[in-house]
Amino acid sequence: MPIEKSKEHPIRELLLHGKHPFPSDMEAMLLRLNMKPNAITAEIAMDAYDWERGEQLERGRKKLKALCAQNGV
C-alpha cells in the first residue's frame, strides 16, 4: 500500500506545488501578494482553509483586493 503524503497548507500548495485550491481570481491575487514580503498575513493564511472548501469566497475576495491595493500589487 502506498504511503500518502499529508496535505500542506492550501496557500503553500498553490505557491510551492502549483496546485489550484482556490478560484482563479483569488489565486492570481495570492500570487501577486506573494511577491511582497509579509503581504500574506496570518489572518489570510487561516481564511485560506475556508476558501479551499468554497466558503466565504466573496469576503475573501474583498480582503485580498484590499491587501493588493495596500501593497501596490
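Q: What makes the segment that holds Glu13 a helix, namely H1?
A: Glu13 is found in helix H1, and a helix is a DSSP run of H or I with at least four residues, numbered from the N terminus. This is a predicted model, in which local features need pLDDT of at least 70, side-chain atom pairs count only at pLDDT 80 or more, and totals for chains, interfaces and linings use all residues. Residues are numbered from 1 along each chain as its sequence is written, and side-chain values use heavy atoms, with hydrogens and water left out.

Q: Why is Glu13 said to have no salt bridge?
A: A salt bridge requires a side-chain nitrogen of Lys or Arg within 4 Å of a carboxyl oxygen of Asp or Glu. The nearest side chain of opposite charge, Lys19, is 4.8 Å away, so Glu13 has no salt bridge.

Q: Why is Asn38 called exposed?
A: Exposed means over 50% relative accessible area; Asn38 has 73% relative accessibility and therefore counts as exposed. Asn38 lies in the loop between helix H2 (24-33) and helix H3 (42-52), and its phi is near 65°.

Methods:
Helix = DSSP H or I, 4+ residues; strand = E, 2+ residues; numbered from the N terminus. Buried < 20%, exposed > 50% of the residue type's maximum accessible area, 1.4 Å probe, protein only. Lys, Arg positive; Asp, Glu negative; His and termini not counted.
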